[in-house]
Amino acid sequence: MTDAPVLQVDGLVKHFPINGGLLQRQVGAVKAVDGVTFSIRRGETLGLVGESGCGKSTIGKVVLKLIEPTAGRIVLAGEDVTALKPGAMWTHRRRIQTIFQDPYSSMNPRLPSGTIVGEPLENFGIARGAARDDQVAQLFRRVGLRPEAMRKYAHEFSGGQRQRLGIAKALSVNPDVIVADEPVSALDVSVQAQVLNLLIDLQEEYGLAYLFISHDLAVMRHISHRIAVMYLGRIVELTDKRTLFTQPLHPYTEALLSAATAPDPKRRRQRKKIVQGDVPSPAKPPPGCHFHTRCLYATAECRVTAPPLLEVAPGHHVACLRRPVGGDPGPLSIPG
Amino acid sequence: MSGAPGPILEVRDLHTQFSTLDGVVRAVDGVSFDVARGETLGIVGESGCGKSVTAMSILRLIPRETGRIASGSIKFEGEELTSLSEEEMKRLRGHRISMIFQEPMTSLNPVLTVGTQIAENVVRHLGVSWKQGRERAFEMLDLVRIADSRRRLDEYPHQLSGGMRQRVMIAMALSCDPQVLIADEPTTALDVTIQAQILDLMIELKEKTGTAIVLITHDLGVVAETTERVVVMYAGRKVEQAPVEALFEEPLHPYTRGLMRAIPRLDVEADAAGTRPRLQEIPGLVPILTQPIVGCAFAPRCSFATDRCRNERPPLVDAGAGHLVACWEVDRVRRAA
């Protein structure tokens with residue numbers, strides 16, 4: 001891991017307009033991403049974890065420039081790509097690739113898998129004809145598929161094998177960053193382990209940086225180096241994974257960890273502070289700290305003031321008014 | 001809760017099959033188990049293992065055009081369900097046996113209010129008036145702790161969040177005091193914090209009402225935290241069955257062991273920052289169910305497999321204290337720890 005970030009995101013904002021009324025004027029906005037800052041180094045996995053509607057997938061799409069940010073800056077391998085038009089962005093697509101939850105929907109059912117995986121090689125003018133076929137065969141081997149399978153079509157593969165195809169395709173152009181949005185969520189556990197191991201091996205071999213998006217805390221802890229916890233468009237806590245799981249400081253992180261089930265019957269009934277209620281709508285987030293409506297420790301101040309994300313301890317960023325810089329990391333008291 | 005002895009549900013040698021263009025799929029291939037009164041039984045396995053088809057068979061919801069219960073017996077309170085008419089089954093479903101599914105939106109009627117849907121179930125099965133049915137609906141929404149329940153009665157499903165819809169499904173499923181509740185992946189579509197709320201609610205209500213629960217899931221964490229006994233299925237067959245503590249303490253079937261080692265865990269000691277131990281993979285793929293399986297279905301993926309495993313189907317044997325396992329090599333598996 002080197003120190004220069006390969007992907008840097010500053011103050012990223014993405015609002016989706018809500019139109020209404022007779023003239024379909026804009027009447028509001030879903031603040032899907034509301035001021036998010038992070039960076040990823042070469043060879044590093046940054047996990048983005050949160051529940052539905054927290055904005056984690058939107059961040060992935062904005063970073064890939066599949067949708068345009070409302071505000072903020074995206075720096076890819078030292079180059080500001082925020083304002084690039086699709087044509088100019090095209091050359092940068094080699095640097096950043098993606099793996100989807102369901103690779104099947106992104107594969108042309110009428111093309112043999114070898115052609116699908118080799119498409120980026122042709123598109124970017126990297127290799128053609130026999131040279132391309134050679135490279136595709138190597139990619140197939142590298143992700144654990146037999147090169148003979150290049151003649152097969154997407155529907156002839158199992159879910160895990162299709163995810164291997166998706167990984168091979170992303171890998172083909174030798175990118176710096178891979179955005180992986182729930183890449184193992186649709187897979188059975190036995191197959192999930194195969195794909196996670198493959199992703200880790202490839203990262204170590206090629207120095208890939210992963211932006212790994214998932215709702216699954218156990219998967220997240222396994223694959224990430226650092227983890228950002230999101231709630232309603234904002235990062236509420238960001239730190240290395242060991243600290244996150246042993247000393248979470250944000251009440252929402254604590255709630256997430258205590259709500260997760262573990263394959264151990266002895267742990268049953270040990271769950272203590274489970275948050276009540278539902279996640280509020282991102283179209284109408286509560287004022288102040290977005291989490292205050294479900295937070296056991298919220299004070300009057302939390303209802304009006306949005307907490308900034310502060311580095312409260314070295315490398316440990318938390319957005320909570322009750323967790324000031326250099327504060328006591330012990331349990332919070334419930335206000336009377 | 002009835003004090004009558006014996007299990008509430010007895011499934012014996014169930015075979016459920018589907019006709020497809022590729023041939024006959026043996027989705028459930030000789031499965032037997034009991035559900036005791038008031039217990040929570042988990043059925044766990046990966047996609048295609050037959051766990052949902054087992055549930056659909058009990059409810060007699062196998063689509064008639066393609067599938068059928070080929071043989072076997074399903075007894076509810078001693079009554080054989082496989083030979084009941086569709087009319088008789090309708091009187092049972094939603095009343096004495098009820099169910100909840102993964103996606104509540106597909107089981108709720110979008111054009112009827114929540115209150116009307118719950119009341120309808122009560123009126124139909126218990127023959128009470130609509131007024132009483134609506135009162136029951138109000139009680140049930142309170143029971144599943146939906147805030148402001150009086151007002152929610154008049155709301156439509158789309159006005160509710162996913163967690164709230166699942167609460168409504170539970171309210172409806174329990175509205176006629178069923179003896180058995182079949183829950184197929186009830187929390188899979190929900191967020192982690194909502195899943196925890198729903199699981200806690202199910203356990204609390206089970207203790208309050210004495211309804212037995214058959215919980216079908218792929219999630220070992222959910223099984224560990226909510227069930228008392230577990231059936232593990234693989235390729236349409238039951239490969240292991242045990243009290244939940246025993247299963248997680250010492251899984252005996254190589255498949256169950258493989259599953260437990262393949263999942264990333266949150267509850268084990270945090271590893272040093274930066275190190276990522278490899279997950280143990282289960283090599284290979286699940287068998288294709290259109291081809292007859294000779295021997296143990298897991299043999300092609302199993303490191304303990306011998307010629308006998310490949311040629312003879314292992315019977316379920318009691319390894320002690322109600323821990324059943326279908327494995328020829330269980331002694332070697334045990335020693336391998």
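**Rings, pockets and fold**

A: At 2% relative accessibility, A:Y231 counts as buried. Buried means under 20% relative accessible area, exposed over 50%, partly exposed in between, with a 1.4 Å probe and protein chains only. This is a predicted model, where local features need pLDDT of at least 70, side-chain atom pairs count only at pLDDT 80 or more, and totals for chains, interfaces and linings use all residues. Residues are numbered from 1 along each chain as written, chains are lettered from A and ligands numbered from 1 in the order written, and side-chain values use heavy atoms, without hydrogens and water.

Q: How many aromatic pairs are there over all chains?
A: The search finds 7. Rings of Phe, Tyr and Trp (its six-membered ring) pair if their centres lie within 6.5 Å; planes under 30 degrees apart are stacked, over 60 edge-to-face, the rest tilted. One pair is A:Y231 with A:F291, edge-to-face, at 5.1 Å centre to centre and 85 degrees between the planes.

Q: Which parts does that pair tie together?
A: A:Y231 is in strand β9 (residues 226-231) of chain A, and A:F291 is in the loop between α9 (251-259) and β11 (310-313) of chain A, so the pair ties parts 60 residues apart in sequence. Helices (H or I, at least four residues) and strands (E, at least two) are DSSP runs, numbered from the N terminus.

Q: Is A:F291 buried or exposed?
A: Buried, at 2% relative accessibility. A:Y231, A:Y252 and A:F291 form one aromatic cluster.

Q: And in chain B, what is the geometry of B:Y234 and B:Y255?
A: Their ring centres are 4.5 Å apart and their planes at 50 degrees, so the pair is tilted. B:Y234 sits in strand β9 (residues 229-234) of chain B and B:Y255 in helix α11 (residues 254-262) of chain B, 21 residues apart. Both B:Y234 and B:Y255 are buried.

Q: Which charges lie over ring faces?
A: B:R150 lies over the face of B:F138, 3.6 Å from the ring centre. B:R308 lies over the face of B:W328, at 3.7 Å. The test is NZ of Lys or CZ of Arg within 6 Å of the ring centre and within 35 degrees of the ring normal.

Q: Switching topic. How much space is in the largest pocket?
A: About 1100 Å³. On a 1 Å grid over the protein atoms alone, a pocket is an open set of points with protein on both sides within 12 Å along at least five of seven lines; a cavity is a set where a 1.4 Å probe fits but cannot get out; lining residues have an atom within 4 Å of a point. Points join across faces, edges and corners, and volume is the space filled by probe spheres set on them.

Q: What lines the largest pocket?
A: 43 residues, with A:H215, A:D216, B:T188, B:H218 and B:D219 nearest its centre.

Q: And the largest cavity, how much space is there?
A: About 90 Å³. Its lining has 14 residues; A:P251, A:C289, A:C295, A:C302 and A:C320 lie nearest the centre. The search finds 6 cavities of 30 Å³ or more.

Q: Last one: how many helices and strands does chain A have?
A: 9 helices and 12 strands. Of its 336 residues, 51% count as buried. Helix α1 (residues 56-63) of chain A is mostly covered, with 6 of its 8 residues buried. Just after α1(A), A:K65 takes a positive phi of about 60 degrees.
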